[in-house]
Amino acid sequence: MITEFETRLLGIMMMVIMLGMGASLTWRDFLIAFRKPKGVLVGMLCQFGIMPLLGFALAMALDLSPGLTVGLILMACMPGGTTSNIFSYFSKGVLALSILMTTVCTLLALVMVPLLLEFYSSLAGLSSEFKIPASNVAQVLVVLLVPTVLGMVLRKLNPNIGATIELLGGFMGIVVIVFLVATWVPRNHQLLADTPWPVYFAAIGLGLIGMALGYAMARLLRQDNNRSRTIALETGIQNGPLAVLIVTLSIATTIQQEVLLIPVLYSLFIVLSSSVVTLFFRRWATREALARDRMKAGALVSG
């Protein structure tokens with residue numbers, strides 16, 4: 001399903017993406033997050049609480065095979081990627097919150113993803129053949145933390161270079177997904193035609209339902225509309241390329257195609273579904289801004 005060349009290229013692209021994510025941050029961002037942590041904490045709850053539970057629930061409700069189940073659970077346990085930052089920007093969300101959520105959740109993923117993956121895989125009754133070793137996940141994440149720290153150092157040394165790398169990293173996030181689709185779909189068109197609807201529902205529903213639940217949780221915990229929309233996008237948009245990379249490095253080739261199916265389908269459809277949601281959120285934010293402007297104008301006239 002994924003060739004050796006594509007696996008190596010994907011690894012290089014992920015390095016560039018993580019370098020760009022690091023270049024989007026300064027140490028001051030972390031200080032701000034610690035001083036006003038509520039938004040990030042709500043995001044962490046959605047990312048590592050709601051999403052893995054949603055992935056497990058979908059797998060059980062749709063009665064997916066073991067290979068599809070582990071692929072869905074892995075996808076649900078992933079942190080957000082830089083792609084979510086791009087969609088947050090275009091939706092007029094709180095970009096600083098989006099970037100902080102992505103970074104903090106990626107750092108926490110080193111511990112949380114292996115734990116959650118093991119917990120939900122055992123809960124689903126998966127045999128050892130379909131379990132991804134926690135050590136494999138941790139090793140991949142540790143390796144990817146190196147370019148993240150390097151990006152932060154480059155941003156500190158030269159803000160102009162940092163800004164360029166940040167832009168490149170965000171752009172590469174979309175390039176990776178487009179690349180996977182462009183090379184994978186023609187080669188597997190018959191597989192796509194034969195794939196039953198529950199698999200498509202799981203791959204698409206994970207992102208869309210995740211966004212809806214993320215927004216609802218944020219509002220329940222008293223985040224304003226704009227921050228809630230940002231948290232919704234961060235919750236539903238997972239790091240698909242990272243999931244694909246982990247599978248290709250951890251799962252036996254005999255079952256790799258089955259496990260990869262949902263991460264690849266998710267990566268394909270999340271770009272489409274997120275674009276629609278982003279347009280909706282952008283119009284929503286624009287209407288709110290116009291309403292605030294009218295209220296201010298009215299207050300000035302009455303005053």
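Helices here are DSSP runs of H or I with at least four residues, numbered from the N terminus. Welcome to this predicted model, in which local features need pLDDT of at least 70, side-chain atom pairs count only at pLDDT 80 or more, and totals for chains, interfaces and linings use all residues. Residues are numbered from 1 along each chain as its sequence is written, and side-chain values use heavy atoms, leaving out hydrogens and water.

**Nonpolar cores**

- A nonpolar core is a set of buried Ala, Val, Leu, Ile, Met, Phe, Trp, Tyr and Cys residues joined through side-chain atoms within 4.5 Å; buried means under 20% relative accessible area, exposed over 50%, and partly exposed in between, with a 1.4 Å probe and protein chains only.
- The largest such core has 68 residues, and Leu64 and Leu206 have the most contacts inside it.
- Helix α13 (residues 253–302) gives the most to this core, with 11 residues.
- Another core, of 13 residues, lies apart from the largest one, and Cys46, Leu97, Met101 and Ile231 are among its members.
- Leaving aside residues up to four places away in sequence, Leu206 touches Met51, Leu54, Gly55, Leu58, Leu72, Met75, Ala76, Phe201 and Tyr266, where contact means heavy atoms within 4.5 Å.

**Helix α4**

- With 12 residues, helix α4 (residues 66–77) reaches 16 Å from its first C-alpha to its last, close to the 16 Å expected; the expected span is 1.5 Å times one less than the number of residues.

- Helix α5 (residues 82–90) is mostly covered, with 7 of its 9 residues buried: Thr82, Thr83, Ser84, Asn85, Ile86, Phe87 and Ser88.
- Just after α5, Lys92 takes a positive phi of about 65 degrees.
- Thr230 sits in helix α11 (residues 225–236) and counts as buried because its relative accessibility is 0%.
- Among the residues that Thr230 touches, not counting those up to four places away in sequence, are Ser88, Gly93 and Leu97.

**A nonpolar surface patch**

- Val149, Leu150, Val153 and Leu157 make a nonpolar surface patch of about 380 Å².
- Val153, one of these residues, lies in helix α7 (residues 134–157) and counts as partly exposed because its relative accessibility is 39%.
- Patches use residues with over 30% relative accessible area and no salt bridge, joining like charges within 9 Å and nonpolar side chains (Val, Leu, Ile, Met, Phe, Trp, Tyr) within 5 Å.
- A salt bridge is a side-chain nitrogen of Lys or Arg within 4 Å of a carboxyl oxygen of Asp or Glu, and accessible areas come from the Shrake-Rupley method with a 1.4 Å probe, where for residues only the protein chains shown count as cover.

Technical notes:
Helix = DSSP H or I, 4+ residues; strand = E, 2+ residues; numbered from the N terminus.
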